[in-house]
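Please look over the model shown here before reading on.

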Amino acid sequence: PRRTFVDVYQSRYRELVQIARLTTGSNALAEELVQDAFADLYRRFETFSYTHLRAHETKANLVCRLLLE
């Protein structure tokens with residue numbers, strides 16, 4: 001079954017903030033970046049498909065990559 005946006009957000013938000021915090025050194029900036037990434041993902045979630053992923057990526061990897069772009 002396809003996961004909902006809320007499922008993805010609830011299961012990945014904290015992990016992604018931790019990764020972003022390690023990258024930026026700032027909790028506030030990390031939260032802002034992850035929130036921005038999820039806002040972008042939310043706008044595209046219904047049309048998002050695995051064709052957007054690189055061969056080795058999971059959705060979590062994609063969100064991390066989008067944070068760094």
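Is F5 buried or exposed? With a relative accessible area of 16%, F5 is buried, because buried is taken to mean a relative accessible area under 20%. The model is a predicted one, and its chain has three helices and zero strands.

**Overall fold and surface**

- From the N terminus on, the order of elements in the chain is α-α-α, and of its 69 residues 32% count as buried.
- When contacts in the chain between residues at least 6 apart in sequence are considered, 47% of them join residues at least 24 apart.
- The chain exposes about 4900 Å², of which carbon and sulfur atoms supply 54%.

**Packing of α1 against α2**

- Helix α1, which covers residues 5–24, and helix α2, which covers residues 27–44, have axes that come within 8 Å and cross at roughly 145 degrees, and the crossing in which α1 passes α2 is right-handed.
- On the α1 side the residues that make this contact include F5, V8, Y9, R12 and Y13, while on the α2 side L33, V34, Q35, F38, L41 and Y42 are among them.
- Sorted by class, the residues in the contact of α1 with α2 are 14 nonpolar, three polar and three charged.

**The largest nonpolar core**

- Eleven residues make up the largest nonpolar core, namely F5, V8, Y13, L16, V17, A20, A30, V34, F38, L41 and F45.
- Helices α1 and α2 each supply at least two residues of this core, and α1 gives the most to it, with six residues.
- As a general background, nonpolar side chains tend to be buried together in soluble globular proteins.

**F5 in helix α1**

- F5 is found in helix α1, and, leaving aside its neighbours within four places in sequence, F5 is in contact with F38, L41, Y42 and F45.
- F5 and F38 are 33 residues apart in sequence, yet their C-alpha atoms are 9.0 Å apart in space.
- Both F5 and F38 belong to the largest nonpolar core, and both take part in the contact between α1 and α2.

**Q35 in helix α2**

- Q35 lies in helix α2 and counts as partly exposed, at 41% relative accessibility, because that value falls between the limits of 20% for buried and 50% for exposed.
- Q35 and Y13 are 22 residues apart in sequence, and from C-alpha to C-alpha they are 8.5 Å apart in space.
- Q35 and Y13 are both among the residues that make the contact between α1 and α2, and Y13 is one of the residues of the largest nonpolar core.

Definitions and conventions. Residues numbered from 1 in each chain as written. Predicted model: local features only at pLDDT ≥ 70, side-chain atom pairs only at ≥ 80, totals over all residues. Heavy atoms only, no water. Helix = DSSP H or I, 4+ residues; strand = E, 2+ residues; numbered from the N terminus. Buried < 20%, exposed > 50% of the residue type's maximum accessible area, 1.4 Å probe, protein only. Contact = heavy atoms within 4.5 Å. Areas by Shrake-Rupley, 256 points an atom, 1.4 Å probe, with all protein chains shown as cover. Axes fitted to C-alpha atoms, helices over the stretch in contact; angles between N-to-C directions. Left-handed = near helix turned anticlockwise from the far one by under 90°. Nonpolar A, V, L, I, M, F, W, Y, C, P; charged D, E, K, R; others polar. Core = buried A, V, L, I, M, F, W, Y, C linked by side-chain atoms within 4.5 Å.
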